[in-house]
Amino acid sequence: MKSINFKSRLTRQLIFSIVLFSSCITVVITAIQLYQKYNSGVSQVEDQVAQIETLSLPGLTGNLWNMYEKQVRLQLDELVRMPNVSYMEIRSRGEVIASAGHPTNDNAIARTSPIIYQRNNEAIPIGEFLVIATLDNVYDDIIDTAFSVFIANGIKTSAVSLFIFFLFQYLITRHLIHISQHVKKISCTNYDQQITLERRFSNDELQLLVSSINAMKNKLLQEEVERVDAEKHIRSLSTAIEQSPVSVMITNPVGHIEYVNNTFEKVTGYNLSDVAGQTPRLLKSENTPPSRYQEMWQKISSGQSWQGELENCKKDGELYWENMNIAPVLDDSGSIAHYVAVKQDITEKKRQDKLILQQAYYDTLTKLPNRFLAMDRLSQSLKEAQRNNNKAAVLFLDLDHFKVINDSLGHEAGDDLLRQVAIRLGNSLRKEDTVGRLGGDEFIILIDGLTHAREVQFVADSILNSLNPPFIIGERDYVITASIGISVYPNDGETTSVLLRNADTAMYESKKGGRNTYRFFSDKMNKKAARRLTLEEQLHGALERKELSVHYQPLVDIKKQQVVGAEALLRWHNQELGYVSPDEFIPIAEHTGLITSIGQYVLTTALNTTAKFRDRYNDEFSVAVNISPVQFRDPNLSTFISDTLQQHGLDGCALELEITEGVLLEENSNIGQSLSAIRVLGVSLSMDDFGTGYSSLSYLQKYPFNTLKIDRSFVNDISDTKSSDSLLLINAIVSMAHGMRLKVIAEGVETEEQLNIIIAQQCDLVQGYYFSRPLPEDQFIKYLDTYLLS
């Protein structure tokens, strides 16, 4: 090993650190060893005191009990001669009975033990035994050995530190000196000379440093090679630009074209000879606003890049779209020497984007704005109306009886009709107005720039008049009308959702008003809408709050003159709203989907009650339950009915389902299968409100009904005159039903006169207030008890 260089700053710092470290370690180790020796000495003294107490205390106790004071003193004198023991004392009742030695409080351990005499299993305390042991011997021993321990530890620590110093010199310092000498010699002529270290271990930080320096030399060498190859690269770059799939144009600082590549010539039709010395303005189309070019020139002339899309014109006049990136090229002084424009033909992409936009924002059938775009335009209309302090109107249009045409002629005919309606609506409006399709046969019309709400009347009349001429579908003419609801900003709302909802509410009022008309939203409608929202809010949780109940109205067999069943009728009493009519809350339950859980509750409750009635009165007692069209959308309806019947131990004949024409009008291809599955269970099917629909007779032939229920409106009319049309209709319905082997139920019988007429018409069953109002279960039981026992 070479001699140590003590002039080295790192060596001096290392020596100082090692000396300081060795001294501190020596002191710490010596202190630890002396402290351990002290603890060991103290433990020995404590053990000696404990041993004295154990061996001598029994004898002292007996002598003290027998009052052999002389023996006690002799025994203490003997014990105090033991090593480290300096003083002993026996006390009884606070007085010193005997003592030996000299007491001391410095460097001593004192221990007091009670003296207890055992007599006949009784422990009698008779005094205390005090022993004081000195620690002087322990301290003397530590003082005697402290220096030798310190010297020994110093020698050991110094030896280890010296070894570490020489090891550091060998492993690190000499190599650092070698690396520094090599780095001083680096020049552009010896980049390839690598640093090597004579070391056995190479996978450490020194080797990392050497590798980094060697890598730096390799990089410098590579940069030198790259500098040599720069001209070759420039020549190859020129070839790449010429063959690039994107257009490249280079101009001078004032914008005169100096170079275009082959792709530019293919895309535009211009050769380099055509455009050399020209400006890019020869590609301009009339569709790009001048502000776009001003923005572009302002940016690139300030030394920045510009990126954007331009619609340009080819040599043959064809328009095309380009995505363009223009960047200035600076010379060595920082001034603009050229402009380079890289351009890509995006005409096809633009066409695809336009198609996607059309599909995203426009209805594919009618090409009108869809709901999303219509709502966006409505939002913009409201902002403009607010800025200009004028009005805007929303017209919600729904075609009347469109479903009939769609179902009878097919969906293709329905689509054709919707397209024709869209064209007529567009032709009846101003250019600045918007007509959109919300879905199905619902349209929305937006009218801007109104000064008075009355102006909308002319638009609504124009729309209805445009729909008056027959529509040609196939080879036939069809007349279609529409119902329109109108809401006006800001009178009827200030947000898109409120205005659309209020226009929808007004449209339903148009339907109720006879269709083919329009209605403006009013405060009365607003109250109805608010009432509906309150009902919907309260109806959620009505089952959990046990506000819903099932009442029963008796079904009376005319021939037997007895109650053979009951119709289960749902009732709702809310704490805030009081009693709510089913005609009011059932449509809301259907609209919100709550009817499914409510319907299951009614079925379960009714069948549970029926099981009780069968046990109490008649084992053929049955219950009739109304089924909503929404419930028929549940594919598990027949399974639920079957499980509920089994749960209450009932067969299918205990239940009759009353179905309105609305169920059959649903677009549900499985309606026949559902009804057949229910009939397989033995459950009877009843056509409710028969005679009020337009096609009920066809349904009797198509579906497996057991009973017809004559609507109460016919029964109410028969008491006026026996020759009324209602009486003739009832007679016809009964005759037809019996001819088809169906039973007939007349509902709404309230007087004896009506009952006698119904009996004369040979109806099978009757129900109505004449017999009883719908009653809760407990009152219905009392009614049956009275009725059946009378």
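**Nonpolar cores and an open sheet**

The largest nonpolar core has 78 residues, of which L655 and I758 touch the most other members. A nonpolar core is here a set of buried Ala, Val, Leu, Ile, Met, Phe, Trp, Tyr and Cys residues joined through side-chain atoms within 4.5 Å, where buried means under 20% relative accessible area with a 1.4 Å probe, protein chains only. Helix 16 (residues 595–616) gives the most to this core, with 8 residues. Leaving aside residues up to four places away in sequence, L655 touches L603, L607, V623, V625, I641, L645, V683 and S684; contact means heavy atoms within 4.5 Å. A second, separate core of 35 residues includes L397, L425, L464 and I484.

The model is predicted, with local features needing pLDDT of at least 70 and side-chain atom pairs counting only at pLDDT 80 or more, while totals for chains, interfaces and linings use all residues. Residues are numbered from 1 along each chain as its sequence is written, and side-chain values use heavy atoms, without hydrogens and water.

An open sheet has 5 strands in the order 11-12-10-15-16, with mixed pairing. Helices (H or I, at least four residues) and strands (E, at least two) are DSSP runs numbered from the N terminus, and two strands pair if DSSP finds at least two bridges between them. Strand 11 (434–439) and strand 16 (518–520) are the edge strands, each pairing on one side only. Strand 11 is joined by 5 bridges to strand 12 (residues 442–450), and the two run antiparallel. The bridge partner of V435 is I445, in strand 12. Helix 13 (residues 496–512) packs on the sheet and touches strand 10 (391–399), strand 11, strand 12, strand 15 (482–489) and strand 16.

Methods:
Axes fitted to C-alpha atoms, helices over the stretch in contact; angles between N-to-C directions. Buried < 20%, exposed > 50% of the residue type's maximum accessible area, 1.4 Å probe, protein only.
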